Amino acid sequence: FPSHDIEGGRSIIIGDSQTEYIAKQSKKIQMLGSVGSEQNLWQGGKGLSWLKSAVSKYPVTKDVSNVVINIGTNGGFNLREDIKGLVSEIRRVFPNAKLFAVQGSWSWGGNAKKTETDVRNYYNKFAEQGVTIIEPPIGAIEPHGDKPVYKLIGANIDKAIK
């Protein structure tokens with residue numbers, strides 16, 4: 001596992017392939033490692049159940065004050081996913097962290113038929129668990145690459161994190 005003392009701050013981002021694009025545009029958050037893996041709590045093509053499992057194996061880390069969650073796109077924003085379980089696992093592993101969620105992308109690939117309403121309904125389930133939702137969603141775009149929306153999301157994360 002990576003060092004538990006996160007250099008240069010105590011705010012991390014976890015999730016899927018969009019994690020690295022978001023992290024690059026925030027001054028306050030960082031990934032646990034630059035390579036997507038279970039140990040680094042982010043990996044392309046992965047969904048909520050994978051993230052919950054990865055977090056469950058991570059050692060309890062008390063010096064993280066903010067966790068940004070970026071998940072949902074690969075699972076098609078499925079309301080039957082165990083969002084409550086994921087959030088409670090993140091709270092167990094990062095007991096002193098405030099939680100934030102970035103809303104994913106749709107209208108491409110497996111989410112071609114998804115709408116903004118579907119996406120917002122999914123992240124409302126995070127909000128019901130006390131997670132702060134970051135605006136705007138990544139949106140109706142193919143999300144891979146340095147898209148302009150990530151600058152806005154990064155700036156809004158930096159404003160939200162104290």
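Visitor: Why are α3 and α4 called oblique to each other?

Guide: Their axes, lines fitted to C-alpha atoms over the stretch in contact, come within 9 Å and cross at roughly 40 degrees. Angles under 35 degrees count as roughly parallel, over 145 as roughly antiparallel, 65 to 115 as roughly perpendicular and the rest as oblique; α3 and α4 are therefore oblique. This is a predicted model, in which local features need pLDDT of at least 70 and side-chain atom pairs pLDDT 80 or more, while totals for chains, interfaces and linings use all residues. Residues are numbered from 1 along each chain, and side-chain values use heavy atoms, without hydrogens and water.

Visitor: Which residues of α3 and α4 meet?

Guide: Ile83, Leu86 and Val87 in α3 meet Tyr122, Lys125 and Phe126 in α4, where contact means heavy atoms within 4.5 Å.

Visitor: What makes the pair of phenylalanine 77 and tyrosine 122 edge-to-face?

Guide: Rings of Phe, Tyr and Trp (its six-membered ring) pair if their centres lie within 6.5 Å; planes under 30 degrees apart count as stacked, over 60 as edge-to-face and the rest as tilted. Here the centres are 5.7 Å apart and the planes stand at 75 degrees, so the pair is edge-to-face. Phenylalanine 77 lies in the loop between β2 (66-70) and α3 (83-93), and tyrosine 122 in helix α4 (residues 116-127).

Visitor: Why does tyrosine 122 count as buried?

Guide: Buried means under 20% relative accessible area, exposed over 50%, partly exposed in between (1.4 Å probe, protein chains only). Tyrosine 122 has 0% relative accessibility and so counts as buried; phenylalanine 77, at 4%, is buried as well.

Conventions
Helices (H or I, at least four residues) and strands (E, at least two) are DSSP runs, numbered from the N terminus. Axes are lines fitted to C-alpha atoms, for helices over the stretch in contact, and angles run from 0 to 180 degrees between N-to-C directions.
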